[in-house]
Amino acid sequence: MQTPDTSKQSLSFDQFKAQVLDDYTLAVTSRECSLLGRREVLTGKAKFGIFGDGKEVPQLAMAKAFKNGDFRSGYYRDQTFMMAIGQLSIEQFFAGLYANTDLAQEPMSGGRQMGGHFATHSLDENGNWKDLTKQKNSSADISPTAGQMPRLLGLAQASKIYRHVEGIDGTNFSEAGNEVAWGTIGNASTSEGLFWETINAAGVLQVPMVMSVWDDEYGISVHARHQTTKENISEILMGFQRDEDHNGYEIIRVQGWDYVALVEAYEKASGIARQEHVPVLIHVQELTQPQGHSTSGSHERYKSKDRLAWEAAHDCNVKMREWMIANSIATDEELSALEKDIKKQVRDGKKAAWSNYLNPITTKRDEVVELLTACAENSEENNQLSPLIDRLKGLDTPTKSDLLSSARKALLYLRHESTSEKRQLSNWAEDFKNTVQPEYSSHLYNDTNSGALGVAEVLPQYDDQAEEVDGRVILRDNFDHIFSQDKKTLIFGEDAGEIGDVNQGLEGLQEKHGKLRVADAGIREATILGQGIGMAMRGLRPIAEIQYLDYVLYALQIMSDDLATLLYRTKGTQKAPLIVRTRGHRLEGIWHSGSPMGGIIHLLRGMHILVPRNMTKAAGFYNTLLAADEPALIVECLNGYRLKEKMPSNIGAFRTPLGVVETLREGSDITLVSYGSTLRIVAQAAETLAKIGIDAEIIDVQSLLPFDLAHNIVKSVAKTNRLLVIDEDVPGGASAYILQEILEQQNAYRHLDSKPQTLTAKAHRPAYGTDGDYFSKPSVDDVVEKVYAMFHEVDPGEYPKLG
């Protein structure tokens, strides 16, 4: 279903009439899907519904101006738009409502996201890029309000990069930067900080972005007077309006029920953004929400009778219908007949989608019932099994969990029996789980040939006369090599450009590679991340720099909800191989403590979290990641930039592998595990311990996600029989994660002669200054005394209590 372009002057009236009727058909189809979708939720067939009713006509106008290669970054009201660009059918709409896990039936997320969250496929079945210039693209939606905004900025900026970076190859991704990024948001969500941060950044960067605000005066039950100054987002954004002397926005206001004005507004916006690379804000006013916010409640509870009457009269579909009749495009009788036919099409599509969802489950239900019945016939547990069988038979709408749970319960009842029927049931349950579980758990990481774990290690090489240089020089020269080899690579962040970052790891690179590829950014961490996400989704290889690890917290929501989940929530059909660069560890002060790793590793599952101890290791990680296509966070050691390292002769070519630990010191008495800057503390402590007869082995984790894939730490523990994890995060942070990995995943508990322990920072953030660091985070003395105490417990005679 594709909306026609009614703006072409060559159309005859009959052609124009036909296209308008096609548009109205789409609008009514979308509305009927919303109405019937709500009923499906209320009858229990679907869990939740949130629909695009009341926004149909402006979305039709937007779809007319949307061209191949363009990208949408919107929210969960845009079903009409997706239908209009040919990317959402009636059956697919309902498949999303039912959470059908078959990607062929539910192509948006394979049932992983609730209905209303839309996406197109940027990747083929092997995870390779499709030709995005030949299709209309929608980046995968997320539920957090305004969370789509930062990504939108990057999608638009990619066009600027493709247009202005000389020699860049845009094959499959851009036609000379002529693509527009289209954003949508509800008026209430413009109150979110992410909206304002993105609007400001797009105005500064001057990128081809068209931002539509669907304004129905409410945010759930809260009226605009509680949301927006002057109750008018475009009014308070008028300072962003461009003029002869200043760059800025083109701001357009249009009534959401005025079909002709909407088409004209979107064509105008498209031309400005596409040709001039100027952002446009379209404030679509006087919209309605006929069914309220969602299936969770009724808008009659908070809207007055007068408001409800106004909404009924100003419904965009109603107004379009009136306009069509008034302009002799169709009669009331013709439209009534059309609407009746559409209702039937939607009902038929709903029935087909429900059958496609339910039939495979009922087939499997019949299988397990037959197996359970066979088990029950000759079992002493017949009285236990019969209710399970009867319940399954009686379910009108069985779920996959019903089937597997019944089988598992039965196997528990049959635990003392050994029959062929039980074995068949057990095999069925195992096969069913192995088949079904990936439908819900696959694609957290890239398991194709382009995944980072498939990149082989390449060791740094050194000449006989290798020079000792500051670590930051190795990083700088490695980045220089990266940017020289591939025009699609770029880096941006606070102080990243003109001064070459705060630690001079990018010294001189802006002058050499240009201001678009080595760029300064404002103090706006969330949209720095968003720039990277959007550009990575369009085939570029961005490195987004967050100046310090603590500042990642500003962007953590975007990293967690959008970047880390992208491959997973699209079931492998979209990716954003963004590298996030930052620095931390052993910083001083409450706001620069630099070690919130526990929160990061738990909130960013789906990304790789890498913690190199020096700049050579860090440079190797960048090289590895750029040879793959997965998102990652690299935390450089802040106090390592001026420490001396040997300059490798194969700069740009060596690669640090992911998930591989490194033993820095061999020992026989205890295994000390740490990462980053803390390793230098541990190394000093090990020298002191050696003088009193304790031989410590030191292992550098290097990679927190993934973690020690070869299980080499347990081999060390098997030798030393003791384990201490040292971390400068808070108690129970990353140290707890590391300990769990070693004890549970590697079964190191089997080899322990002493209780495994952790040594962490205090529960509070570190106080400022040298003494603040000493009394807040693990020191050399702390490590020595902790290890000594462990040996005192083993042999008090050899290691008497200190003091």
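User: How many bridges join E18 to strand E19 (residues 696-700)?

Analyst: In this predicted model, local features need pLDDT of at least 70 and side-chain atom pairs count only at pLDDT 80 or more, while totals for chains, interfaces and linings use all residues. Residues are numbered from 1 along each chain as its sequence is written, and side-chain values use heavy atoms, with hydrogens and water left out. Strands (E, at least two residues) and helices (H or I, at least four residues) are DSSP runs numbered from the N terminus, and two strands pair if DSSP finds at least two bridges between them. E18 and E19 run parallel, and the number of bridges that join them is five.

User: Which residue of E19 stands opposite Thr 671, and which residue of E21 stands opposite Leu 672?

Analyst: E18 pairs with strand E21 (residues 723-726) in the parallel sense, over three bridges. On the E19 side, Thr 671 stands opposite Glu 697. On the E21 side, Leu 672 stands opposite Leu 724.

User: What handedness does the β-α-β unit of E18, helix H22 (residues 678-691) and E19 have?

Analyst: A crossover is called right-handed if, with the strands pointing away from the viewer, the path from the first strand over the helix to the second runs clockwise. In the unit made by E18, H22 and E19, the handedness is right-handed.

User: How many of the residues of strand E18 (residues 670-674) are buried?

Analyst: Buried means under 20% relative accessible area, exposed over 50%, and partly exposed in between, with a 1.4 Å probe and protein chains only. Ile 670, Leu 672 and Ser 674 are buried on one side of E18, and Thr 671 and Val 673 are buried on the other, leaving both faces covered. Of the five residues in E18, the number buried is five.

User: In what order do the strands lie in the open sheet of five strands, with mixed pairing?

Analyst: The edges are strand E17 (662-665) and strand E22 (757-759), each of which pairs on one side only. E17 and E19 run antiparallel and are joined by three bridges; there, Arg 665 stands opposite Ile 698. The pairing in this sheet is mixed, and the strand order is E17-E19-E18-E21-E22.

User: What angle does the direction of helix H26 (residues 780-794) make with that of E22?

Analyst: Axes are lines fitted to C-alpha atoms, for helices over the stretch in contact, and angles run from 0 to 180 degrees between N-to-C directions. H26 packs on the sheet, touching E18, E21 and E22 (contact means heavy atoms within 4.5 Å), and its direction makes with that of E22 an angle of about 160°.

User: Is Ser 716 buried or exposed, and with which residues is Ser 716 in contact, leaving aside its neighbours within four places in sequence?

Analyst: Ser 716 belongs to helix H23 (residues 712-720). Its relative accessibility is 3%, so Ser 716 counts as buried. Leaving aside neighbours within four places in sequence, its contacts are Thr 671, Glu 697 and Ile 699.

User: Which helix packs on the sheet and touches E3, strand E4 (209-214), E7 and strand E8 (280-285)?

Analyst: Six strands form this open sheet with parallel pairing, in the order E2-E1-E3-E4-E8-E7. The edge strands are strand E2 (137-138) and strand E7 (250-255), each pairing on one side only. The helix spans residues 259-276 and its direction makes about 165° with that of E7; its name is H8.

User: Which residue of E3 is the bridge partner of Ser 73?

Analyst: Strand E1 (residues 71-73) and strand E3 (residues 181-186) run parallel and are joined by three bridges. In E3, the partner of Ser 73 is Gly 183.

User: What is the relative accessible area of Ala 146?

Analyst: Ala 146 lies in the loop between E2 and helix H5 (149-164). This residue has a positive phi of about 70° although it is not a glycine. Ala 146 is buried, and its relative accessible area is 1%.

User: Which peptide bond is cis, with omega near 0°?

Analyst: The proline concerned, Pro 706, is in the loop between strand E20 (703-705) and H23. With omega near 0°, the cis bond is that from Leu 705 to Pro 706.
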